[in-house]
Every structure is written in C-alpha cells, then in structure tokens.
Amino acid sequence: MTTMSAAAIAGQNATPDLRSWLRHLAATDRLAVARAGLSLTDEIAAVSKRLENERAVLFPQPGGHAIPVVANLFADRSWVADSLGVPTAELLARFQAAVRRPLPWVESAADAPGQEVVHRDVDLLRQLPIPKHNELDSGPYITAALLIARNPQTCIQNVSIHRCQVSGPDRIGVLLLPRHTHHYYRLAEQAGEALEIALVIGAHPACILASQAIAALDEDEMNIAGALLGRPVAMVTCKTNRVRVPAQAEIVIEGRILPKVREPEGPFGEFPQYYGARADREVIAVDAITHRHDAIFHTIVGGGREHLVLGEIPREATLLEHLQRSFPSVRDVRLTRGGTCRYHLAVKTDKTSEGEPKNIIMGAFGGHYDVKQVVVVDMDVDIDDPNEIEWAVATRFQADRDLVVVAGAQDSKLDPSADGGISAKMGLDATKPARTGPLAFKRIHVKGVETVDLGSVLQHDPQSVFVRLLAGDRDRASP
Ligand code: MN
C-alpha cells in the first residue's frame with residue numbers, strides 16, 4: 001500500500017493548514033455544523049462532548065462573534081493517522097521517523113494569512129470567541145493554542161500546549177508544568193526579563209501533534225511537524241516580538257510571560273477527568289492579536305476525547321523511540337484510555353532474556369514523569385484490548401517476583417493521588433519466562449477459528465430448520 005503524505009491528503013499543492021483538514025473531514029462525512037449563535041458558555045462544549053467519538057463540529061457565529069469555533073479534530077487514532085496520510089498500523093512508526101529526521105522550518109518573506117488582521121488594542125473576549133468548557137472551570141479558556149517560546153540563551157523555539165485562562169482584556173493566566181517552556185521562562189525570569197511567546201490557534205494537525213512529542217530540550221517541535229508534513233513549515237515573525245509562528249495559522253496571540261508575577265489561575269477540567277486546582281501561576285501580558293480575515297478558532301474540551309487522543313499518539317511514538325534506543329526487543333506501546341492516555345503504559349516486547357522487562361520498566365519511568373504504571377507483555381497480547389493486558393497480569397505475573405515499585409518519584413502534578421507531584425511508580429512484568437516447556441504458557445487455540453467460512457457452513461433459514469427439528473421431537477413423543 002502506498003502512503004499519502006499529509007500534504008497529499010490536503011489536496012494537490014494545497015497548503016497544509018487547519019482548513020485543509022476540515023475540508024477533508026467534511027468530504028468524508030465527519031464534520032457537523034451547528035446552528036449559528038450557540039453560547040460560548042457551556043453550550044459549545046456540551047455539543048462537542050456529545051459528538052466527540054463521531055464528528056468534528058463547526059460552530060458559526062458563536063456568542064455573536066464573526067469568527068467560528070471548531071472542536072473535535074480527532075475522535076480516535078485512525079483520524080490522527082488519516083491527518084498524517086498513513087494507515088493506522090503505521091502511525092507510530094511514521095511519527096518516530098519524523099522525530100528521528102526532523103525537517104527545519106523556513107522563514108517566509110511573503111505576507112502571512114495569519115497576520116491579515118492586526119489588533120494592537122487587545123480585548124480577548126471581544127475579539128475572539130473563547131469558550132468555557134467544563135462546568136467548574138473558572139471561566140473562558142484558550143485550550144488549543146500552541147505556545148511558542150524562544151530560549152533566551154539559544155534562541156531555539158519550543159512548541160507546547162498549555163491551558164490559558166482569560167484573566168483580563170489583555171491578560172492570560174497560564175499553567176507551566178516543569179518541562180521546556182518552564183525552563184525557558186526560568187532563564188528569562190532569573191535575568192529579570194519577560195519571556196517572549198506567541199499562542200497559535202488553528203494550525204494543521206501535524207503542527208498540533210508535533211507539539212505533543214516528548215522531544216529533548218531545544219529540539220524545536222515545529223521541525224518534527226515539517227517532517228510529518230513532508231515539507232518545511234513556513235514561519236513568519238510576530239508583529240510585536242521575535243517569536244516565529246506558522247504563516248498559515250488562523251489566529252496568533254502575541255505576548256510576554258511576565259517575570260516575578262503570579263496571579264490566580266484555575267480551576268480547570270483536565271485530562272485525568274478532575275479539576276486542576278486554583279493557584280497563583282504565571283501570567284501572559286498580551287501585546288497583539290493577529291488573524292486571517294475569515295479566521296477559525298480551534299478549541300479543545302478539557303479532558304475530552306480530542307484532548308486524550310492528541311496527547312496519546314505523539315507521547316506513544318516518542319516513548320517507543322526512547323525505549324527502542326536501549327531495548328530493541330520492544331515492539332509497541334500504548335498509553336491506555338483508563339490510564340488517561342498519560343499515566344499507564346503497556347509495552348509489548350519480544351522478550352529474549354530474563355530480567356529485561358524490569359529494565360524496560362525503569363527505562364519507561366525515565367521517558368516521561370507522567371508515566372506512573374508500566375505493564376510489560378509478550379507479543380501474543382493485544383495491547384489495544386484492556387482485557388488482554390489484564391489477562392497477561394492474571395496469568396503471567398506474581399507480585400513478589402515481578403513487581404517494581406519506586407517510592408517518592410516525580411509525577412504528574414495533575415494526578416490528585418500524588419503528593420504535590422511526588423508519587424510512587426509501579427511496574428509489572430507480565431511476560432512469560434523466556435524459555436518454557438512446549439505446553440507451558442501456550443495459549444489455547446481452536447484450529448480453524450480464523451479461517452472457517454460461516455457462509456458455507458451455516459443454514460440460511462435457521463428458524464424453519466429448528467421448527468422441523470422440534471416437530472420431529474413431538475411426532476416421536478406422540479403415542
Ligand atoms: Mn520541547
């Protein structure tokens with residue numbers, strides 16, 4: 001099977017942008033359009049949530065705004081594969097290849113569609129349709145913006161997604177977890193300076209997915225996006241700072257994360273299906289908003305399908321790449337749905353030696369601090385099926401022998417069972433012994449179950465055959 005590039009999915013020579021993906025969704029009957037004028041408070045999120053497993057939704061004139069909102073860009077991993085132009089089975093390999101061979105972005109000299117309209121007099125809620133999502137969220141949140149920041153020392157850019165609370169007309173409260181943006185911010189703050197940033201709303205899925213890669217510090221995720229697209233992303237300089245943003249963006253919010261300023265942010269409904277608490281957090285001062293004449297505003301319902309799937313695939317691909325560097329026997333990984341697509345990792349391995357699964361477990365803990373539980377299984381276990389993973393634990397795992405527990409490690413700050421981001425890690429080696437007798441751990445199997453042709457072995461009129469069988473019974477039973 002030949003694979004299409006994401007650019008090909010977008011149409012011959014079409015520019016890879018958000019609207020090329022929306023056109024593809026519409027052409028394949030996966031885009032619903034709501035009645036005009038739905039409310040930005042709760043209603044857009046409610047409709048999106050109801051349709052999260054089946055349809056993307058476009059909301060015209062939300063809350064009276066000219067700019068429409070779109071949600072549910074991905075309902076499952078097959079949509080993600082489709083957006084990158086690969087079969088689902090090749091999705092992680094395709095992402096891994098992009099991580100291994102990134103394609104650097106290029107400066108664009110042309111006028112950028114994302115800068116057709118420029119607002120220097122900023123009023124976030126007046127100029128943009130920003131929804132409120134979960135019931136107890138503190139208010140409207142920008143949830144699908146790529147936060148692009150420049151390392152103040154190296155000038156290399158980082159791309160990531162953060163929840164952004166609208167705290168005032170030109171003020172945003174932002175949650176910075178202890179990864180790359182936070183590191184850049186600390187460098188700026190220690191020098192007494194603000195960190196220049198841009199929030200990019202509405203980009204091609206490849207850019208959004210790349211932002212979720214577990215890349216190394218100073219590895220610009222936009223270069224991974226370029227490799228996914230098969231062409232470099234064209235970037236332009238912001239109007240009020242030096243950050244480069246995709247020229248094809250729908251909307252860009254330019255600003256600075258202020259040094260020595262913390263203001264209340266939260267609560268906000270998050271991917272673990274709980275609210276992240278209100279606390280004093282970093283603050284973005286907004287300097288300008290730019291957008292297309294006919295811009296589209298992308299939003300993600302916190303903790304919804306899109307949120308989970310979007311984080312899952314790039315994290316799986318990069319954790320797989322990370323593990324395979326040390327363990328060639330590792331074949332596949334899944335961040336399971338029950339584990340919020342972040343905390344629980346299933347690893348499939350072609351085990352060659354005893355003990356190796358425990359090394360794999362320790363490697364996975366080092367891959368990302370979010371990973372809290374690792375189950376290592378053999379090649380005959382389907383890691384897309386939670387029942388299969390549990391079966392492996394039930395029949396190939398002994399807690400006194402196969403359990404790894406690490407106390408007091410760094411964990412997700414959004415895990416409510418953790419103590420301020422400190423928690424235990426658990427690893428389960430649910431593999432069978434590398435060498436066993438011929439029948440030990442041999443999975444039962446009925447010969448022919450996969451190949452039997454039911455059309456040829458079943459009668460087409462079972463009811464009448466059954467009635468005749470019973471009639472024969474009665475005739476024999478009669479005196
Ligand atoms: Mn990064």
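Start with two helices: the crossing of α2 and α4 is right-handed, a word used when the near helix is turned clockwise from the far one by less than a right angle, with left-handed for anticlockwise. Before going further, know that this is a predicted model, where local features need pLDDT of at least 70, side-chain atom pairs count only at pLDDT 80 or more, and totals for chains, interfaces and linings use all residues. Residues are numbered from 1 along each chain as its sequence is written, and side-chain values use heavy atoms, leaving out hydrogens and water.

Helices and strands here are DSSP runs numbered from the N terminus (H or I, at least four residues, for a helix; E, at least two, for a strand).

**Stop one: α2 and α4**

Select residues 18–27 for helix α2 and residues 77–84 for helix α4; their axes come within 11 Å and cross at roughly 120°. Axes are lines fitted to C-alpha atoms, for helices over the stretch in contact, and angles run from 0 to 180 degrees between N-to-C directions.

Now show side chains: W21, H24 and L25 in α2 meet W79, D82 and S83 in α4, where contact means heavy atoms within 4.5 Å. The residues of this contact divide into three nonpolar, two polar and one charged. Nonpolar covers Ala, Val, Leu, Ile, Met, Phe, Trp, Tyr, Cys and Pro, charged covers Asp, Glu, Lys and Arg, and the others, Gly among them, are polar.

**Stop two: α4 and α5**

Which residues make the contact? Pick R77, V80, A81 and L84 of α4, plus L91, L92 and F95 of α5. By class, that gives six nonpolar, no polar and one charged.

**Stop three: a four-stranded sheet**

Next, find the open sheet of four strands in the order β1-β2-β3-β19, with mixed pairing; two strands pair if DSSP finds at least two bridges between them. β1 (31–33) and β19 (297–298) stand at the edges with a single partner strand each, so one side of each has no neighbour in the sheet. Strands β2 (residues 56–59) and β3 (residues 69–71) run antiparallel, joined by three bridges; L58 has V70 as its bridge partner in β3. Helix α3 (residues 43–50) lies across β2 and β3, at about 155° to β2.

**Stop four: a hairpin**

Select β9 (residues 164–168) and β10 (residues 171–174), antiparallel strands joined by four bridges. A hairpin of two residues links β9 to β10, and G168 has R171 as its bridge partner in β10. On to β18 (residues 279–291), which runs antiparallel to β10, with four bridges between them; there I284 stands opposite I172.

**Last stop: aromatic rings**

How many aromatic pairs does the count come to? Three, taking rings of Phe, Tyr and Trp (its six-membered ring) with centres within 6.5 Å; planes under 30 degrees apart are stacked, over 60 edge-to-face and the rest tilted. Zoom in on Y141 and F268, a tilted pair at 4.4 Å centre to centre with 40° between the planes. This pair links distant parts of the chain, 127 residues apart: Y141 is in strand β6 (residues 141–142) and F268 in strand β16 (residues 268–269).
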